[in-house]
Amino acid sequence: MKELLDLFLTFARMGGLTFGGGYAMLPILQKEVVENKKWATNEELMDYYAIGQCTPGIIAVNTATFIGSKNCGVIGGIVATLGVVFPSVVMITIIAAFISNFAELKIVQDAFTGIRVCVFVLILKAVIKLGKTSVKDAVTLCLFVLVLFGSMIFDVSPVIFVLLAGACGILAQVFLQKGGAAK
Amino acid sequence: MIYLRLFYEFAKVGLFAVGGGLATVPFLQDMAKHTGWFTTHQLADMIAVSECTPGPIGVNMATYTGYTVGGPVGSAVATLGLIFPSIVVILIVARILKAFRDNKYVEWAFYGLRPASTGLIAAACLGVAKIALFDTGEQAFLANALANIRWNAVILALILWFFMNPGMFGKKIGGNKVLKKISGLHPIFFLAAAAIVGIVFRFAG
């Protein structure tokens, strides 16, 4: 019980202190989880991050589940995960209540109209950064372009594109590997 | 049963949004279109709020959406929905850690998934551009695009882009120490600056 409480509080503290999630959280995880609590080694942490990249969901959440389950089993995984999201849930709920009460004010509308411009620029920057690591060759470039235009033209769920792209990735690699072996 | 629906919709996001953070945005845009729970304008505001508060962006988005749809309970339900698939998948993967990491099919699938996820986010980015830089409804967008462009927003976007990416404007500008420092600032500073510009220049019209 004491261990579970410790897991919850430690992850809640980290969730409440990191802005931006994901990679922003790595240095704090290293300090708290590896150095202070010794719940995982640096190598394990890097493994969790790598797997967090190739599993659905949010990396910070995935890492919390990993470390919790490693130390206290399934319950530990759930407790650590609830801990990491707890501060966000409380804080955002308060902000959401605040915004919905003030959304009608002219000054708030002016501010958010300016903020939306910045949101666009921030996402564009993130897309370019993501593109540099994910678009590496002709196949990945094709997939990027097809999904970009496909999702704008056709009114279907992004889920379809994710499933198709995963299948295309496997097929393309099978084909590439066979071609390489034939040579 | 609105809570069940919230849980289900966000569980779907949690299961298919690969690569964390902004990967949830295209799914939320889709949700805005099909559920009517929030508008694309509100979604852009949510992204801004998420950038300014601690915690993973995806979780913040789920909480915010959940709240606007179903109050405090809605925010808890949506967040639980979002993290539910992750918890299940990770608890399974944790048992077969090495086999999963070294599996070539997993690696190959992600070879295709990553550019697709980037493409989805790029399309979402254009969706945000449409509401941020243009003054128009959904209908006949292309025909009226030029007439409805909001030049003050475009100028603000270019200025923000310059300060966030000085490295793209040649070595001399990119090497400038002050500019370099500014470009490394947390997004919260740029969002605050954009808010002030919006208020001073009465962006909402």
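Before reading any domain bounds, I noted that they come from an automatic or database domain assignment. I also noted that this is a predicted model, in which local features need pLDDT of at least 70 and side-chain atom pairs count only at pLDDT 80 or more, while totals for chains, interfaces and linings use all residues. Residues are numbered from 1 along each chain as its sequence is written, and chains are lettered from A and ligands numbered from 1 in the order in which they are written.

**Entry: domains of chain B**

I looked up the domain assignment of chain B and found domain 1 (2–135) and domain 2 (150–200). The centres of these two domains of chain B, taken over C-alpha atoms, are separated by 27 Å. For their contact (C-beta atoms, placed from the backbone, within 7 Å), I found seven residues from domain 1 of chain B and seven residues from domain 2 of chain B. On the domain 1 side, α3 (40–51) and α6 (104–133) of chain B each supply at least two residues; helices here are DSSP runs of H or I with at least four residues, numbered from the N terminus. I then sorted that side by class and listed five nonpolar, no polar and two charged residues, where Ala, Val, Leu, Ile, Met, Phe, Trp, Tyr, Cys and Pro count as nonpolar, Asp, Glu, Lys and Arg as charged, and the others, Gly among them, as polar.

**Entry: chain A against chain B**

I next turned to the two chains together, and found 82 residues of chain A in contact with 90 residues of chain B. On the chain A side, the largest share, 24 residues, comes from α5(A). That side of chain A divides into 49 nonpolar, 27 polar and six charged residues.

**Entry: confidence and α6(A)**

I checked pLDDT, the predictor's confidence in each residue from 0 to 100, and chain A averages 87, with 95% of the residues scoring at least 70. Among the elements of chain A, α6(A) has the highest mean pLDDT (94) and α3(A) the lowest (81).

I then asked which residues of α6(A) are buried. I found T140(A), L143(A), F144(A), V147(A), L148(A) and S151(A), where buried means 20 or more other C-beta atoms within 10 Å of the residue's own, exposed 12 or fewer, with C-beta atoms placed from the backbone. Seen down the axis of α6(A), these buried residues fall within an arc of 125° (taken from the directions from the helix axis to the C-beta atoms), so they line one face of the helix. On the face of α6(A) turned away from its buried side, I noted the exposed residues A138(A) and I153(A).
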